[in-house]
Amino acid sequence: MPDLNPLAEPVPTTLDPRKLTRDLHAFKDSRTGRSLWELAITLIPFIAVFTGTLIAVQAGYYIGLALTPLAGLLLLRLFIIQHDCGHGSFFASRSGNDWVGRAMGVFTLTPYDCWRRSHALHHAATGNLDARGFGDVDTLTVREFQAQSKYGRFFYRLYRHPIVLLGFGPAYLFLLRHRLPIGLMKEGARYWVSAMATNVVSLLILAALVFQFGFATTALVFFPSLLIAASLGVWLFYIQHQFEDAHWDKKSEWTFHDAALHGSTHLDLPQPLRWFTANIGVHHVHHLASRIPFYRLREVLTAHPELHDMNRFTALQTFKALRLALWDEGQRRLVTFREAAMMAGKSAEPG
């Protein structure tokens, strides 16, 4: 199989993930003024673009719908600000992070407390084969896939298809799944409150928009903006951990620091995509030290240049990685369905 990531360079053998984590503590302090500025230059333009598009469409200027990709990109950036709040990295105070995160959740249709809990579980178990299922893309090993029934293999293939992963999946996730605290229903009332409060406030905002602009106009602007943000978000999340030389281990052999550094990518995007995605592409650094605010992640690459080319991908290279679907425990890499079938065929040959 051709190398899906020819830009990546070997990891220096002297790179110690634990020591690097300690070194990265120097970058974890947030700056209140900078955080407020980043929030303002994202939220205000989003509201302006979204409202301007509504006004244009209501007046019959449907060309205004061309602004929905911009609204979607700004909404994506709001989600990443919410993400930083969930890690306690956007502001110094816990309450500041929580209330700004909850407010952003109203726009992103993502209940903040529910998402923060599931995302914390994702960080705590990234790359752990015995702790899959929370906040990640479902991934089977080759052995597990072959043990599935005919229907089980069909539905897993369907789930991993790019059209489902980047199309139907994000729509289902943000429009339906986030309406309930899925996976957290028995963990306390706070997650129900988070989900229901987000639903109510989001619904009130949408009702006000429908009252002012009409249902058709609101739907024409709202759904494309949300789905663009959702699909881009899922694309980013996919490539952050789904690549050929990813890092997975059984619990007995798994270590947090190794999995964080070696199991996460550096998605090196050009400007302005780097701005709209709020440096979330520097994901190997983020997983090692999640308390670093997004606007300081580039500082880390400058101070530690050895991290720049580690697990590095460009935007175009990510589409090849979408073919990967199964973890081969023997070869310790992600493989395609076709590769898995070829290996199964060879193992079945006489002799």
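Select Asp98 first: at 9% relative accessibility it counts as buried (buried is under 20% relative accessible area, exposed over 50%, partly exposed in between, with a 1.4 Å probe and protein chains only). The model is predicted: local features need pLDDT of at least 70, side-chain atom pairs count only at pLDDT 80 or more, and totals for chains, interfaces and linings use all residues. Residues are numbered from 1 along each chain as its sequence is written, and side-chain values use heavy atoms, with hydrogens and water left out.

Arg94 forms a salt bridge with Asp98, and their closest N and O atoms are 3.0 Å apart (a salt bridge is a side-chain nitrogen of Lys or Arg within 4 Å of a carboxyl oxygen of Asp or Glu). Helices (H or I, at least four residues) and strands (E, at least two) are DSSP runs, numbered from the N terminus.

Next, go to helix H5 and select Asp113 and Arg116, which are three residues apart and so separated by about one helical turn. Their side chains meet in a salt bridge of 3.5 Å, N to O, and both residues are buried.

Now select Arg274 and Asp268, whose side chains meet in a salt bridge (3.4 Å, N to O). Arg274 counts as partly exposed at 22% relative accessibility, while Asp268 is buried at 13%. Elsewhere, salt bridges that share partners join Arg94, Asp98, Arg102, Asp113, Arg116 and Arg190 into one network. A search of the whole structure finds 19 salt bridges.

Keep Arg274 and Asp268 selected: both are among the residues that line the second largest cavity, as are His266, Thr277 and Arg298. A cavity is a set of points, on a 1 Å grid over the protein atoms alone, where a 1.4 Å probe fits but cannot get out; lining residues have an atom within 4 Å of a point. This cavity has a volume of about 50 Å³, a volume being the space filled by probe spheres set on the points, with grid points joined across faces, edges and corners. Its lining has four nonpolar, four polar and three charged residues. Here Ala, Val, Leu, Ile, Met, Phe, Trp, Tyr, Cys and Pro count as nonpolar, Asp, Glu, Lys and Arg as charged, and the others, Gly among them, as polar.

Two backbone features come next. The peptide bond from Gln271 to Pro272 is cis, with omega near 5°; Pro272 lies in the loop between strand S2 (266-267) and helix H12 (273-276). Ala278, in the loop between H12 and helix H13 (283-288), has a positive phi of about 50° although it is not a glycine. Ala278 is buried, at 1% relative accessibility.

Then find the largest cavity, with a volume of about 130 Å³. Of its 16 lining residues, Thr126, Gly127, Asp136, His241 and Trp248 lie nearest its centre. Helix H5 (112-125) and helix H10 (215-241) are the elements that give two or more residues to this lining, and H10 gives the most, with three. The lining divides into six nonpolar, eight polar and two charged residues.

Finish at Asn311, in the loop between helix H14 (297-303) and strand S3 (312-313). Asn311 has a positive phi of about 50° although it is not a glycine, and Asn311 is buried, with a relative accessible area of 11%.

Notes: 1 Å grid on protein atoms, 1.4 Å probe; cavity = no way out; pocket = protein on both sides within 12 Å on 5 of 7 lines; lining within 4 Å.
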